[in-house]
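Hi,

Here is the structure I promised to pass on. Have a look when you get a moment, and my notes follow below.

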Amino acid sequence: KNKAQQGILRAHILMLTDADFHEQMKNALEKQLENIEWIVWSISHKLVQTLLASPNAQLRERAGDISDVSHSILNKLLAVTQVSLSNLTEDCIVVAHDIPPSAALTIDKKHIKAIAIDAGSATSHTAILARSFQMPAVVGLSCASQFINSGDVIIVDGNSGCVIINPNEKTLLQYQNEMDLYEKKSNSLRPLRELPAVTKDGKQFVLKANIEVPTEAEKIAAYGAEGIGLYRSEFLFLSAGCGAEEELQYKAYSDVIKSAGTLPVTIRTIDVGGDKMMPNFFRTEERNPLLGWRAIRFSLAMPELFKAQLRAILRAGVHGNAQIMFPMISCVDELEQALAILEEAKNECKEKKQKIAENIKVGTMIEVPSAVIIADILAKKCDFFSIGTNDLMQYTFAVDRGNEKVSYLADHLHPAMLRMIKCTIDAAHNAGIKVTMCGEMAGNTNVTPILAGLGLDSFSMSASLIPEVKSVIRNSCYEDCRTLAEKSLTCEHSSDVQKLLKKFAKK
């Protein structure tokens with residue numbers, strides 16, 4: 001083990017042998033007569049909350065150590081078997097009821113060839129991560145884990161959302177041929193890498209990449225990305241053994257910004273809560289976590305943690321072209337508070353004589369309906385918008401994007417969705433700012449012509465999807481896209497929009 005790992009283990013051993021910790025548990029057992037598992041959790045939870053409330057940054061960081069130790073004790077007491085997806089010795093397909101984002105982030109990309117899970121939807125974070133890893137995945141299968149046994153041969157068709165158990169030779173050959181055709185198609189799109197995303201009649205768009213981990217930044221150029229439109233910074237906080245310390249963040253952001261050169265890198269501030277839980281902070285279950293303490297709400301409630309992230313981004317910004325983006329803004333007050341804390345972070349860096357990106361651009365994510373309604377006001381207070389369609393659909397249609405039973409209701413062609421996108425774009429352009437879309441809808445080639453016609457300036461998606469989106473744009477006329485978008489806005493049903501898209505594709 002290296003010195004850093006040795007230090008962590010020594011700290012954990014000290015906690016396990018701490019006399020006061022032992023005495024608290026002994027007293028609780030004798031006086032409260034409750035089971036030991038509850039007592040371990042209760043005592044460690046109180047200690048964690050006390051440390052998190054401390055103004056001392058080092059003490060706050062120790063909360064994570066106590067949480068780790070208590071989880072280890074509880075796993076032993078409850079005989080919980082920990083299954084790691086990070087160090088495998090042979091190729092396999094992972095079949096499970098669900099894979100939390102923190103576990104999906106560390107999966108062994110060399111040996112895991114595909115994923116099939118009961119829970120989730122196409123916009124759930126596990127599905128998003130699988131796409132970024134270019135790994136076939138089918139989610140929302142409901143009960144597949146009950147029917148698939150270890151040792152079964154299965155086909156995971158991420159295009160059709162189909163999983164075939166123990167296929168015959170004919171089916172295997174059919175899918176092998178499909179894989180060969182897919183490879184040929186991918187190869188045919190490679191020459192587009194150096195070409196602009198411009199329509200036949202001269203309208204140009206910007207295509208960027210979404211990334212989850214810093215190492216992905218090195219690969220985006222291979223797909224012709226014109227920058228990083230969304231760096232999901234929260235995965236730094238969810239990664240095993242990686243905390244929220246400012247210096248760790250500074251290094252990660254610097255690496256990404258340097259890899260991008262002069263291209264813009266938009267870093268979304270931490271978006272935890274909902275289905276992305278940081279155990280050190282979310283100890284009490286919320287009744288409706290997706291409607292609760294998450295994203296910018298979490299950051300504003302934890303100003304010291306928030307400022308540490310903003311300082312890290314500001315400092316890293318001197319190495320290239322960085323931008324800051326605030327998630328889940330639902331009212332003007334939230335944006336103004338976030339901007340005020342950003343100013344505090346700038347001043348703190350200056351007091352320490354640290355170089356920072358002085359005129360860094362700041363954007364607002366539009367992903368709740370209230371933000372769409374007041375987009376004209378928000379547009380006056382920021383430098384750009386980014387539409388997060390995954391959450392915007394979730395909150396518009398009251399659909400938990402991780403719930404496979406209702407995921408069918410999250411329809412990106414629904415007239416309400418298209419009208420909200422149009423409303424957001426118009427408000428931004430009236431204020432003189434540009435609009436990017438960074439949700440999964442941006443990488444869906446079926447709707448690319450409509451989005452272009454609605455006036456979207458930039459698309460940001462998993463890097464591997466960029467060539468196909470670029471191909472659609474280069475084979476379309478902007479005026480035709482505008483006509484298509486105008487007709488789509490008058491439709492009553494999403495099925496009507498689909499018919500328009502089919503006609504457009506034929507033309």
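To start with a question: which residue in β7 is the bridge partner of Val198? It is Gln204. Please keep in mind that this is a predicted model.

Strand β6 covers residues 197–198, and two bridges join β6 to β7 in an antiparallel arrangement.

Strand β7 itself spans residues 204–211, and six of its eight residues are buried, leaving the strand mostly covered.

- Strand β14 (residues 458–462) runs parallel to β7, and five bridges join them. Here Ala209 stands opposite Met461 of β14.
- Strand β8 (residues 228–232) also runs parallel to β7, with three bridges joining the two. In this pairing, Asn210 is opposite Leu230 of β8.

Elsewhere, I looked at a residue in a helix. Gln394 sits in helix α16, which covers residues 389–396. Is Gln394 buried or exposed? Its relative accessibility is 4%, so Gln394 counts as buried, the cut-off being under 20%. Setting aside neighbours within four places in sequence, Gln394 is in contact with Leu290, Arg294, Val399, Asp400 and Arg401.

Happy to talk any of this through.

Best wishes

Note on methods:
Residues numbered from 1 in each chain as written. Predicted model: local features only at pLDDT ≥ 70, side-chain atom pairs only at ≥ 80, totals over all residues. Heavy atoms only, no water. Buried < 20%, exposed > 50% of the residue type's maximum accessible area, 1.4 Å probe, protein only. Helix = DSSP H or I, 4+ residues; strand = E, 2+ residues; numbered from the N terminus. Pairing = 2+ DSSP bridges. Contact = heavy atoms within 4.5 Å.
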